[in-house]
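Me: Hi! I have a chain open here and would like to talk it through with you. Could you start with the terms we need?

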Amino acid sequence: LPAGELNSILSYLADPNREYSMQAQRNQIGRTAAQVQKLIKASAEALARHWQLRHDLFGPDRCYLSMSVRGAMEDEVDNLVNCRVVQLLPIPDGSGRAIIYSDLTRRDFDKYSIKQEMMALFYLMEVAAEDPKFLRAGFISLHNSFGLSRSSFNRSAREFAAKADDFSPLTCRALHVINPSFIVHHVVLPIVKSLFGKALRLRIATHRGPSDKILRELEQYRLPKECVPIELGGTLQFDMKKWVAERSAIELERNKKLNAAEAKLSEPLRTNLSPAIEALMLDKTSSTPKTDAKSATKRARLSNTED
């Protein structure tokens, strides 16, 4: 990677980070360039996986539409409103992180497929990623597992769960599992957590017991009851239908502004091209009579020759 390109990339870093990066560049430019190349490659691969997942979920016809209620999600609005297996809560936690709430007990594969559920999750993650604060702070995942049974899972659900990192550029900061079954809490999760590194193990927490006990534990993780849905004993009442209507209005207004900006940008181009197009048309028009005159002269000569 040429030093000029590396400088250009490093210029996007915040001032404190750029100072250290530039110092590293001066001391060992080759190693720094290799690190940047590795980062760029990893980012490109992650972006490719993200679009592959988007294509797998939405298909070739809707994959490249805008990720909006009137775009790629147009046929999934009823699912988004009525299924409500996954929701983006309107209030962040005490650390400013987005909260993705999932109630897997709502799963009904006779009405909604796991693919539709993942499409809803993909859209909600895209909405959360629009907020610069969440890009920095990340999100936490809050799972209601009370009364969960094996019927709530199938092979497709496990396959999509394995692709969770490809849904969004947001980083999952914590996973809170509420009221898992005795077997899951005491057997399954400890085994699973033992396979992870220390950092990831510390991000997974389970909470069992009465609502007041769970609320006290969640508050220690900067999740006050105002951020917790009423199903879990909190005070947050969330109207998904109202949220979708508000979101649709936001996206419609944004599209109007984008269209207006696009028209404003293209106006100078049309203005500059108009004289050239007009001159071209005039030149073409003025050349037409000459062509006709030549053709008439040629026809007259042929006629005299035949006579």
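Reply: Happy to. A residue is buried under 20% relative accessible area, exposed over 50% and partly exposed in between, using a 1.4 Å probe and protein chains only. This is a predicted model, in which local features need pLDDT of at least 70 and side-chain atom pairs count only at pLDDT 80 or more, while totals for chains, interfaces and linings use all residues. Residues are numbered from 1 along each chain as its sequence is written, and side-chain values use heavy atoms, with hydrogens and water left out.

Me: Great. Is arginine 222 buried, exposed or partly exposed?

Reply: Arginine 222 is partly exposed, at 49% relative accessibility. It sits in the loop between H10 and H11; helices here are DSSP runs of H or I with at least four residues, strands are runs of E with at least two, and both are numbered from the N terminus.

Me: What about the phi of arginine 222?

Reply: Phi of arginine 222 is positive, near 65 degrees, and the residue is not a glycine. For background, most residues other than glycine have a negative phi. Arginine 84 also has a positive phi, of about 55 degrees. That arginine 84 is in the loop between H4 and S1 and is partly exposed at 26% relative accessibility.

Me: Back to H10, then. Which residues of helix H10 are buried?

Reply: H10 covers residues 211-220, and its buried residues are Ile214, Leu215, Glu217 and Leu218. Viewed down the axis of H10, the buried residues fall within an arc of 165 degrees, so they line one face of the helix. The arc is taken from the directions from the helix axis to the C-beta atoms. Arg216, Glu219 and Gln220 are exposed on the other side of H10.

Me: And what do the buried residues of H10 pack against?

Reply: Three strands: S3 (139-144), S4 (172-178) and S5 (204-207). Contact here means heavy atoms within 4.5 Å.

Me: Switching topic: which residues touch the most other members in the largest nonpolar core?

Reply: Leu57, Phe58, Leu80, Leu88, Tyr123, Phe167 and Trp243 do, in a core of 36 residues. A nonpolar core is a set of buried Ala, Val, Leu, Ile, Met, Phe, Trp, Tyr and Cys residues joined through side-chain atoms within 4.5 Å.

Me: Which elements each supply at least two residues of this core?

Reply: Helices H3 (29-62), H4 (77-82), H5 (114-129) and H11 (240-306) do, along with strands S1 (86-88) and S2 (98-103). H5 gives the largest share of this core, 12 residues.

Me: Let's zoom in on leucine 88. What is leucine 88 in contact with, beyond its neighbours within four places in sequence?

Reply: Leucine 88 touches Ala98, Ile99, Ile100, Leu124, Val127, Ala128, Phe238 and Trp243.

Me: Now rings. How many aromatic pairs does a search of the whole structure find?

Reply: Three. Rings of Phe, Tyr and Trp (its six-membered ring) pair if their centres lie within 6.5 Å, and planes under 30 degrees apart are stacked, over 60 edge-to-face and the rest tilted. One of the pairs is tryptophan 51 with tyrosine 64, stacked at 5.7 Å centre to centre with 20 degrees between the planes. Tryptophan 51 is in helix H3 and tyrosine 64 in the loop between H3 and H4, 13 residues apart. Tryptophan 51 is partly exposed at 33%, and tyrosine 64 is exposed at 61%.

Me: How is the pair of tyrosine 123 and tryptophan 243 arranged?

Reply: That pair is edge-to-face, 6.4 Å centre to centre with 75 degrees between the planes. Tyrosine 123 lies in H5 and tryptophan 243 in H11, so the pair ties together parts 120 residues apart in sequence. Tyrosine 123 is buried at 0%, and tryptophan 243 is buried at 13%.

Me: Last one: is glutamate 76 buried or exposed?

Reply: Glutamate 76 is buried, with a relative accessible area of 5%, and lies in the loop between H3 and H4. Leaving aside neighbours within four places in sequence, glutamate 76 is in contact with Arg62, Gln116 and Met119.
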